[in-house]
Amino acid sequence: MRPIIMQNQEHFSAQPYCDLVTPLPIALQKYGYPTWLPKLPLDGYLCGIFLFLLATRFNVIVTVSLPPSFMYGLLCRLFGKPRAVHLCKEFYLEASAKKMTFKKYVRLVFLRFALKQVDAIVLNASNEASYFSDILALPKDRFRFIHWPSNIDEPAIYEEDDGYFLAVGRSLRDWHTFFKAVENTPYKYVVVAGSLDSKTFPMMRNVTIRTDVKREEYLSLLSGAMAVVLPLKQTIRSTGQASFLEAMSYGKAVIAADVIGVQDYLINEKNALLYTPENYIGLREKIMQIANDPALRRKLAQAGLNDIKNKFNKRRYAEAMVDTITDLLRRRYKN
């Protein structure tokens, strides 16, 4: 059966997925809703409501981010689930369930209720399935792993650099380990981080701190970097994919902590150098290895770029989404 998909997100990855999707604002116009309605900021819970109202006209509903996924699922539980397959993607839960307050527990009870009938949840790290299965009380076969794609449309190697290491990111970054690793090393570093994180950073003569930079400035810093460092925290949910995939797309060697978010993408000494999380000595050794071995830098850069072109790109992601949805439809109508 050919997928007929509606999704709340307006921008899609690539063909063939984008050819099969109707974004929610266009669906509202197509089916006679007031012309002013699609001009509203259709996000969050409101998306879930309109997706539910239009669900009978499609055989697949894709909810992007947690609020529309929750609301659509809640309405399905309360008023009956439409025949359409429901697939969720791109939402994140608590990084740890250990600090479970009463408020979090109540929210979790409602979330479990709302998502009980979801057909599939797409994850971008295969090892997240156990955590999501546990916290949502869903069987593991409800989760599908698809590699996250690079955001760079024209990947290429930027061979010229300005001799600094670039460390970047906001979510779940282990800046404490990073600063211990780079202290008193003879190299230059540029750190791009959020302004809140930066308030806790120590002052070092060899480290330049940039906060809340615009996209164009970030890409300029990326093109001028000798290599990119991802000091990621060891957590039970993934993070960091967008950053290291963009670095690979620019032909930059990557150093990253060996955590859940990288394990489906990076292989030590093949397309990146990996170090044990929280091990600042190990991170320092990888930095020195990259700095002192230009041949290794070129090897990792080329391997990373090849992986972007062959595996971690929007076309592959789009094909995987179509394959996943087609399989879900086949299973639905077989039963």
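This is a predicted model: local features need pLDDT of at least 70, side-chain atom pairs count only at pLDDT 80 or more; totals for chains, interfaces and linings use all residues.
A salt bridge is taken here as a side-chain nitrogen of Lys or Arg within 4 Å of a carboxyl oxygen of Asp or Glu. Residues are numbered from 1 along each chain as its sequence is written, and side-chain values use heavy atoms, with hydrogens and water left out.

**Entry 1: salt bridges**

I searched the whole structure and found twelve salt bridges. I looked at three of them in detail.

Arg144 and Asp327 are paired through their side chains, at 3.1 Å from N to O. Arg144 is in strand β6 (residues 143-145) and Asp327 in helix α13 (residues 314-334), so this pair ties together parts 183 residues apart in sequence. Helices (H or I, at least four residues) and strands (E, at least two) are DSSP runs, numbered from the N terminus. I noted both Arg144 and Asp327 as buried; buried means under 20% relative accessible area, exposed over 50%, and partly exposed in between (1.4 Å probe, protein chains only).

The next pair is Asp153 with Lys314, whose closest N and O atoms are 2.9 Å apart. Asp153 sits in the loop between β6 and β7 and Lys314 in helix α13, so the link spans 161 residues of sequence. Salt bridges with shared partners also join Arg144, Asp327, Arg330 and Arg331 into one network. For accessibility, Asp153 is exposed at 60%, whereas Lys314 is partly exposed at 25%.

Asp119 lies in the loop between α5 (102-114) and β5 (120-123), and Lys81 in the loop between α4 (66-79) and β4 (85-89), so the pair connects parts 38 residues apart in sequence. I have Asp119 as partly exposed, at 21% relative accessible area, and Lys81 as partly exposed, at 27%.

**Entry 2: a buried arginine without a partner**

I checked Arg297, which is in helix α12 (residues 294-310). Arg297 is buried but has no salt bridge, and the nearest side chain of opposite charge is Asp161, 5.0 Å away. For charge, Lys and Arg count as positive and Asp and Glu as negative; His and the chain ends are not counted. What does Arg297 contact, leaving aside its neighbours within four places in sequence? I found Met226, Ala253, Ile290 and Ala291, with contact meaning heavy atoms within 4.5 Å.

**Entry 3: helix α7 and what follows**

I counted six of the eight residues of α7 as buried. They are Trp175, Thr177, Phe178, Phe179, Ala181 and Val182. The cover over these buried residues includes β7 (164-168), β8, α8 (195-198), β9 (207-211), β10 (225-230) and α11.

Just after α7, Asn184 has a positive phi of about 65°. Asn184 is in the loop between α7 (175-182) and β8 (188-193), and is exposed at 74% relative accessible area.

**Entry 4: other backbone points**

Glu278 is not a glycine, yet I read a positive phi of about 70° for it. Its place is the loop between β12 (273-275) and α11 (280-292), and Glu278 is exposed at 60% relative accessible area.

I also looked up a cis peptide bond, which joins Gln15 and Pro16 with omega about 5°. Pro16 is in the loop between β1 (5-7) and α1 (17-20).

**Entry 5: a nonpolar patch**

I noted a nonpolar surface patch of about 220 Å², made by Leu46, Ile49 and Leu53. Patches are made of residues with over 30% relative accessible area and no salt bridge; like charges are joined within 9 Å, and nonpolar side chains (Val, Leu, Ile, Met, Phe, Trp, Tyr) within 5 Å. Ile49 is in helix α3 (residues 44-54) and counts as partly exposed at 33%.

**Entry 6: the whole chain**

I list 13 helices and twelve strands. Along the principal axes the C-alpha atoms fill a box of roughly 65 × 45 × 40 Å.

Of the 335 residues, 54% are buried. The accessible surface is about 16,400 Å², of which 51% belongs to carbon and sulfur atoms; accessible areas come from the Shrake-Rupley method with a 1.4 Å probe, and for residues only the protein chains shown count as cover.
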